[in-house]
Amino acid sequence: MDLTLTEEQQAFRDLARDFLEREAVPHRTQWDRDEQVDLAIIPKMAEIGFFGLTIPEEYGGLGGDYLTYVLGMEELGRADSALRGIVSVSNGLFGKSVLGFGTEEQKQEWLPQVAAGTALGCFGLTEPDTGSDAGNLTSRARRDGDDYVINGQKLFITNGTWAKVALVFARTSDDGPRGVTAFLVPTDTPGFEAREVKGKLGLRGQATAELFLSDVRVPASARLGEEGQGFKIAMTTLDKGRVSVAAGCVGLVQACLESSVSYATSRTQFGRPLASFQLVQELISDMSVDADAARLLVWRCADLIDRGEPFGTAASKAKLFASEAAVRAANNAIQVYGGAGYVDEYPAEKYLRDARVMTLYEGTSQIQKLLIGRAETGVNAFV
Ligand code: COS
């Protein structure tokens with residue numbers, strides 16, 4: 001499926017695909033087994049522009065439009081969802097928060113490093129006891145003269161052990177979501193510790209961490225936005241993050257489709273190619289429809305963002321549909337491969353393991369349904 005892309009958008013997509021086919025696809029199984037991508041790929045990805053896709057040129061980025069960004073995320077999702085996560089969090093959740101809410105000094109300090117891939121950022125919102133209910137997070141930041149002192153714990157933080165800087169959301173007052181404030185915390189600040197979460201089902205190549213903040217002292221100039229603005233910063237950024245996850249899921253569905261077609265047309269059973277069996281065609285046909293539908297939902301979000309229109313509900317729809325479609329497609333890909341799909345000689349089992357988290361993070365499918373339901377009915381069912 002192709003809507004009209006500009007020459008620049010097509011050129012970036014082709015460049016991204018070519019790079020990832022060479023530098024990522026041949027290694028992804030080993031990275032998955034090792035539970036770590038080869039970090040030497042980070043500067044190479046930065047050279048292509050992945051880490052600066054939506055960062056303006058004046059801060060070292062490509063300054064591209066949002067459609068170009070989602071094309072990049074789709075290609076990353078098609079090649080390796082672990083890589084997509086690393087980029088989405090550093091350029092996306094971290095970079096977009098700084099770009100949208102930072103002072104000029106904060107932008108100058110962090111965005112060029114993020115765009116160059118010399119610094120990874122992470123996004124410290126989720127806590128052990130507050131996942132979906134982010135507005136009730138319990139980490140605390142206490143004002144002390146010209147500083148803030150932060151205490152708390154964060155969980156499931158992508159890039160946590162690799163990041164040079166963490167965007168940490170902490171409570172400065174007891175006023176629910178309105179009492180949350182955001183801080184840019186260099187990860188070498190005394191009292192900051194990141195520990196790797198091991199044993200994940202999927203996304204094994206990317207670092208996922210638990211963060212511990214014990215009397216972490218930062219100057220007031222490290223505060224992002226105003227006191228009490230943190231929850232809005234998180235939600236505004238997550239709206240875009242959900243588009244990014246959805247775009248990665250489009251890539252995953254596309255990868256399931258392409259690999260299933262390749263296997264079904266080359267493997268024979270009962271003297272015929274697998275692809276000649278009607279029920280195999282049904283599995284492939286479902287993937288094809290899901291890929292097109294998910295991509296259109298994602299491109300609609302990118303178009304709304306590029307035109308400066310509201311896109312939150314469209315983002316929830318894209319994230320809900322694309323993440324569920326990714327799980328469906330990966331499950332069906334294993335069915336096409338049969339027993340071969342259950343071992344990592346083929347990519348289908350990794351697709352399923354990587355897809356599974358997409359319906360959980362950056363807002364579960366249930367949260368997306370409640371956001372869509374609230375937008376449709378005007379009734380808040382969160383309370
Ligand atoms: N953009 C901008 N502002 C937003 C917003 C958005 N998308 N969503 C909410 N806000 C604002 C509201 O306007 C409100 O502002 P006021 O105080 O000025 O009225 C404030 O934030 C509180 O909003 P709300 O009452 O909707 O907050 P809730 O606590 O009810 O939020 C949900 C509920 C479930 C929507 C929210 O907690 C959420 O999205 N949870 C999922 C978190 C998540 O995705 N976690 C994954 C982390 S990254 S892996």
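Strand 6 (residues 192-196) is joined to strand 7 by 5 bridges, and the two run antiparallel. One pair in this predicted model is alanine 194 with leucine 211, its bridge partner in strand 7. Strand 7 (residues 208-219) also pairs with strand 3 (residues 147-158). That pairing is antiparallel as well and extends over 9 bridges. Here, isoleucine 150 has valine 216 of strand 7 as its bridge partner.

Strand 5 and strand 4 (residues 165-171) pair in the antiparallel sense, with 7 bridges between them. Alanine 166 has valine 185 of strand 5 as its bridge partner. Strand 5 is also joined to strand 8 (residues 223-224). These two strands run antiparallel and share 2 bridges. How enclosed is strand 5 by the rest of the structure? Of its 7 residues (180-186), 6 are buried, so the strand is largely enclosed. Buried here means under 20% relative accessible area.

Helix 11 covers residues 365-377 and has 13 residues. The distance from its first C-alpha to its last is 18 Å. This is close to the 18 Å expected at 1.5 Å a residue. Which residues of helix 11 are buried? They are Ser365, Ile367, Gln368 and Ile372. Seen down the helix axis, the buried residues fall within an arc of 165°, so they line one face of helix 11. These buried residues pack against helix 7 (230-266) and helix 9 (312-337). Gln366 and Thr377 lie on the other side of helix 11, where they are exposed. Just after the helix comes glycine 378, which takes a positive phi of about 80°.

The ligand is surrounded by 21 residues. Ser132, Arg178, Lys232, Asp239 and Arg242 are the closest. Two of the side chains can be described at the level of atoms. For lysine 232, a polar side-chain atom lies 2.9 Å from an oxygen atom of the ligand. For arginine 242, an N or O atom of the side chain is 2.9 Å from a ligand oxygen atom. A polar backbone atom of glycine 363 is 3.0 Å from an oxygen atom of the ligand.

Notes
Residues numbered from 1 in each chain as written. Predicted model: local features only at pLDDT ≥ 70, side-chain atom pairs only at ≥ 80, totals over all residues. Heavy atoms only, no water. Helix = DSSP H or I, 4+ residues; strand = E, 2+ residues; numbered from the N terminus. Expected span 1.5 Å × (residues − 1). Buried < 20%, exposed > 50% of the residue type's maximum accessible area, 1.4 Å probe, protein only. Arc of directions from axis to C-beta. Contact = heavy atoms within 4.5 Å. Pairing = 2+ DSSP bridges. Near = heavy atom within 4 Å. Polar contact = N/O pair within 3.5 Å; in protein donor to acceptor, adjacent residues only side chain to side chain.
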